[in-house]
Amino acid sequence: MRFRTRAVAGFATLLLPLAALVGLAAPAQAASTATATFTKTSDWGTGFGGQWTVKNTGTSAISSWTVEWDFPSGTSVTSAWDADVTNSGNHWTAKNKSYNGTIAAGASVSFGFNGAGSGAPTNCLLNGGSCDGGTTVPGDAAPSAPGTPTASGITDTSVNLSWSAATDDKGIKNYDVLRDGTKVATVTTTSYTNTGLTAGTDYSYTVQARDTADQTGPVSGAVAVHTTGGTTTPPTTGGKVKLGYLTEWDTYVRNYQVKNLVTSGSAAKITHINYAFGNVTNGQCAIGDAYADYQKTFTADQSVSGVADTWDQPIAGNFNQLRELKAKYPNIKILWSFGGWTWSGGFGQAAANPTAFAQSCYNLVEDPRWADIFDGIDIDWEYPNACGLSCDTSGAAAYKNLMAALRAKFGSNNLVTSAVTADGTSGGKIDAADYAGAAQYVDWYNVMTYDFFGSFGATATGPTAPHSPLTSYTGIPTPGFTSADAIAKFKAKGVPASKLLLGIGFYGRGWTGVTQDAPGGTATGPATGTYEQGIEDYKVLKTSCPVTGTIAGTAYAHCGTNWWSYDTPSTIAGKMSWAKTQGLGGAFFWEFSGDTSNGELVSAINSGLS
């Protein structure tokens, strides 16, 4: 764990080569007798569904139609139906089929397609003229998508929504506000307050713009809203653990608060949270950041409950927000995680007196001020009897002894878990400690099946490699550095599969100065990241550097001179399927703030394990 400040439809018609259109006669009808409008019907992150509707606004029938538009680089049509779709570079053309070319006066026809990328169509032409029915300004485009709405002022029965404006060459007329896909209002401004909602209920909001010609543009991204009050129905887990790490420092520069678990919809799709990190110092468990943990006061709009903290309440900070989260989602179990990459150096001294260490941890976790919040303890020792940020020489038995002491002190009514290495090489970190012997004392291991490769240390100049490969592949820089190898090794040592959770990183690792698409390329150094060189959140990468391909069950992307690897909803679905076939206890991820505002990676884990 790093401590960082940091059902697609098949082809209904073949995509014809551009040459097939050469010599076609010009349409008999001008665009002044018809309009063409575009709607995004679905969006799954790396692609979307689209639909064009051609309407005859004239007084006589139309015998044929052709719709043309431009897509930005990186966006394309992958399959289409009810039209013959071709392209020349980024310019796309759709022509009617033999059965739907004729449109009676006042009638309309539609055709659909699946697209890759995230762009929206521009420069629309219908039969050579404007898509809004005009004849003097060819290429009048539908509006762009508005910005994804943000939610504030959430109460039991209402929410305030605001969004950035859409753009259009002729001007925006108004916006449709959609709740769970159904229009609930039309407004002329970029904000709306939805009232009359039900307490303790999940909603999803999107916005769609309409231009002065009444053309509707693509739907915006979605924001998930959970109204205050009430409690929620626990998710169907299929008996699997769905755990996410929430870091104490996210409350600062990243401005990711406990409330974001609610507004993103993620809280309704998980079973456990590891709050990271508590410190390990002087052989004891200790507070990591007192201000973030229990002193910082939150305003009403930042608070899970919608009620502002007061200066004199017993505890505030993330701890109080987690308490409010548990009131809404009583099924969620929360563990306090100690150590991590930065603070693992303290475990060597702790291992010298495991009983005293366990007592100190119990006293801190069960402090009466917050004992109701935590359901157990998680140990992130990186790494027992091996090297991480520092090297440990406490011996192969130290880890087992430490976990045995923690179980003895915390008892059977608390969870005791641990994040563990995924080094599946012969003589590697899994072999350095008695993980099999310690397994009897833990509820599960979080196997850190990510960060196998990256632009750090000696590999800053390559070779490029996916940081979280599920399986091996030809040319892998270090055989044994895969999820499958790590899980197989733990199983071979006798650790039950049901006590192993597969790890997912909600971020990518990247290089710059790369010329080739495929893994194995050379680089000049780490790619620029928002908080740390060579690392970037998924929510940024999904649009800034879209996926080029997949290898070993994960994705990679080459954009310009940068090369990144990261997991997507699609690759996570594959990994969850694999985890189930292996009989694993579930999955965990590092960490919430790397996900999109509507929690699409958490959703993929939830769906994949349910």
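**Aromatic pairs and charges over rings**

The charged end of lysine 409 sits over the ring of tyrosine 362, at 5.0 Å from its centre; a charge counts as over a ring if NZ of Lys or CZ of Arg is within 6 Å of the ring centre and within 35 degrees of the ring normal. The model is predicted, with local features needing pLDDT of at least 70 and side-chain atom pairs counted only at pLDDT 80 or more, while totals for chains, interfaces and linings use all residues. Residues are numbered from 1 along each chain as its sequence is written, and side-chain values use heavy atoms, without hydrogens and water.

The structure holds 46 aromatic pairs (rings of Phe, Tyr and Trp, the last by its six-membered ring, with centres within 6.5 Å; stacked if the planes are under 30 degrees apart, edge-to-face if over 60, tilted for the rest). Phenylalanine 48 and phenylalanine 71 form an edge-to-face pair, 6.2 Å centre to centre with 85 degrees between the planes. Phenylalanine 48 lies in strand 2 (residues 47-56) and phenylalanine 71 in the loop between strand 3 (66-70) and strand 4 (76-81), so the pair ties together parts 23 residues apart in sequence. Strands are DSSP runs of E, at least two residues long, numbered from the N terminus. Phenylalanine 48 is buried at 0% relative accessibility, and phenylalanine 71 is buried at 3%; buried means under 20% relative accessible area (1.4 Å probe, protein chains only).

In the pair of phenylalanine 506 and phenylalanine 589, the ring centres are 4.4 Å apart and the planes at 5 degrees, so the pair is stacked. Both residues, phenylalanine 506 and phenylalanine 589, are buried.

Note on methods. Helix = DSSP H or I, 4+ residues; strand = E, 2+ residues; numbered from the N terminus. Buried < 20%, exposed > 50% of the residue type's maximum accessible area, 1.4 Å probe, protein only.
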